[in-house]
Amino acid sequence: MTIHITDIPNESFNHYKHVLHVDNEFALIEINKDNISDLSKFNYPYKAEAFTLCIVLKGWVKGKINSIEYNAIAPCVISIYPNQILQHDSNSENFYIICIAFTKNFASNIASYSKNEILLLRFPRQDNISHHLSQETLTALLDYCAYIKKIIADTDNPFRIKSIQHLTVALFYSTVWKQISSYKKNEKTRADYITYEFLDLVEKNFKKYRQLNFYADKLCITAKYLSTTVKNNSGISASEWIKRYVILEAQRLLKNSSMTIQQISNELNFPSQTFFSKYFKHQIGLSPKEYRKS
């Protein structure tokens with residue numbers, strides 16, 4: 001039986017044909033080339049609005065998260081966070097992925113159960129987008145998914161969501177914490193910290209603030225030091241990162257919303273639609289209207 005997500009607001013979920021969910025807070029999604037309605041729909045930027053853990057079990061998938069490229073080769077996991085901009089590029093013929101998706105409310109509850117030690121199952125966000133899974137962790141995650149299916153199928157049980165929350169915390173304490181800890185062993189430099197914090201600030205503020213001074217002030221450093229550090233650490237200048245976030249959001253809204261170009265211009269705090277159109281064309285090579293039709 002096909003069950004579609006309703007209130008978990010990731011705009012991409014409606015394209016999946018094999019989705020199980022409970023209380024509109026938690027979903028289990030199986031994805032391969034045969035059970036997704038149209039993979040080409042994901043070739044344009046779209047926004048994630050749920051926490052999602054994607055377990056790549058077979059083949060490989062290439063794409064971008066916030067314009068950072070990844071090549072996820074099985075067995076591995078990809079962590080996706082609300083408000084990140086996703087884009088699919090390509091995949092192997094035999095790719096098979098299980099996605100575990102949950103709302104902010106679900107995440108808050110499991111964090112409170114574990115006194116925040118679980119960190120929302122947070123694999124490092126900026127070190128690498130995809131992380132290889134050990135056999136122990138992979139087996140634990142597959143067992144977890146199999147048991148989750150049984151819980152979801154038991155529709156007479158009024159405690160399904162609580163059962164899933166406690167099972168998720170148990171998974172973290174029994175196995176996943178080891179894998180996450182192994183990723184975090186390497187000492188982070190000050191440059192790593194500045195780059196991470198800068199990108200986090202840009203993700204939250206790019207619609208309103210596009211000047212380096214705003215971000216430098218937040219980090220208590222000079223704009224010149226911020227620019228040099230981010231460029232040396234990521235290979236991309238701080239100003240270019242800000243442009244990427246603005247353009248990605250513009251692309252997403254043009255392709256995945258009914259907003260007019262004027263409304264998109266206002267949403268992104270451009271002084272006028274004309275200014276926005278020139279800015280967009282300079283970056284993409286197409287006007288917003290041409291891009292929307294492409």
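Which residues of β7 are buried on one side, and which on the other? Cys-76, Ile-78 and Ile-80 are buried on one side of β7, and Val-77 and Ser-79 on the other. The legends below place this strand in its surroundings.

The model is predicted: local features need pLDDT of at least 70, side-chain atom pairs count only at pLDDT 80 or more, and totals for chains, interfaces and linings use all residues. Residues are numbered from 1 along each chain as its sequence is written, and side-chain values use heavy atoms, with hydrogens and water left out.

**Figure 1. Overview of the chain.** The chain contains ten helices and ten strands; these are DSSP runs numbered from the N terminus, helices being H or I with at least four residues and strands being E with at least two. Of its 294 residues, 47% count as buried. Buried means under 20% relative accessible area, exposed means over 50%, and partly exposed lies in between, with a 1.4 Å probe and protein chains only. Among contacts (heavy atoms within 4.5 Å) between residues at least 6 apart in sequence, 69% join residues at least 24 apart.

**Figure 2. The open sheet of six strands.** The order of the strands is β1-β2-β9-β4-β7-β10, and the pairing is antiparallel. The edge strands, β1 (19-22) and β10 (130-132), each pair on one side only. Neighbouring strands of the sheet are turned by 20° against each other on average, direction ignored. Two strands pair if DSSP finds at least two bridges between them. Four bridges link β1 to β2 (residues 26-32) in the antiparallel sense, and Leu-28 in β2 is the bridge partner of Leu-20. Helix α2 (residues 135-153) lies across β1, β2, β4 (51-58) and β9 (96-102), and runs at about 115° to β2. Axes are lines fitted to C-alpha atoms, for helices over the stretch in contact, and angles run from 0 to 180 degrees between N-to-C directions.

**Figure 3. Strand β7 and its two partners.** Five of the five residues of β7 (residues 76-80) are buried, so this strand is largely enclosed by the rest of the structure. β7 pairs with β4 in the antiparallel sense over five bridges, and Val-56 stands opposite Cys-76. With β10, β7 forms three bridges, also in the antiparallel sense; there Ser-130 is the bridge partner of Ile-78.

**Figure 4. Leu-57 in strand β4.** Leu-57 has its place in β4. Leaving aside neighbours within four places in sequence, Leu-57 is in contact with Ala-74, Tyr-96, Ile-98, Leu-138 and Leu-142. Its C-alpha atom is separated by 9.8 Å from that of Asn-94, which is 37 residues apart along the chain.

**Figure 5. Strand β8 and its pairing.** Five of the seven residues of β8 (residues 85-91) are buried, so the strand is largely enclosed by the rest of the structure. Strand β3 (residues 46-47) pairs with β8 in the antiparallel sense over two bridges, and Ile-85 is the bridge partner of Lys-47. Strand β5 (residues 60-65) is joined to β8 by five bridges, and the two run antiparallel; here Leu-86 is the bridge partner of Ile-65.

**Figure 6. Cysteines without disulfides.** A disulfide is a covalent bond between the sulfur atoms of two cysteines. The search counts a pair of cysteine sulfur atoms within 2.5 Å, and finds zero disulfides in the whole structure. The sulfur of Cys-76 is 9.4 Å from the closest cysteine sulfur, in Cys-54, which is too far for a bond. For Cys-145, the closest cysteine sulfur is in Cys-99, at 9.7 Å, again too far for a bond. Cys-76 counts as buried at 2% relative accessibility, and Cys-145 counts as buried at 3%.

**Figure 7. The nonpolar cores.** In soluble globular proteins, nonpolar side chains tend to be buried together. A nonpolar core is a set of buried Ala, Val, Leu, Ile, Met, Phe, Trp, Tyr and Cys residues joined through side-chain atoms within 4.5 Å. Of the 32 residues in the largest core, Phe-198, Tyr-215, Leu-226, Leu-268 and Phe-276 touch the most other members. Helix α7 (238-256) is one of those that each supply at least two residues of this core, and α7 gives the most, with nine residues. A second, separate core of 27 residues includes Tyr-81, Phe-102, Ala-107 and Ala-140.
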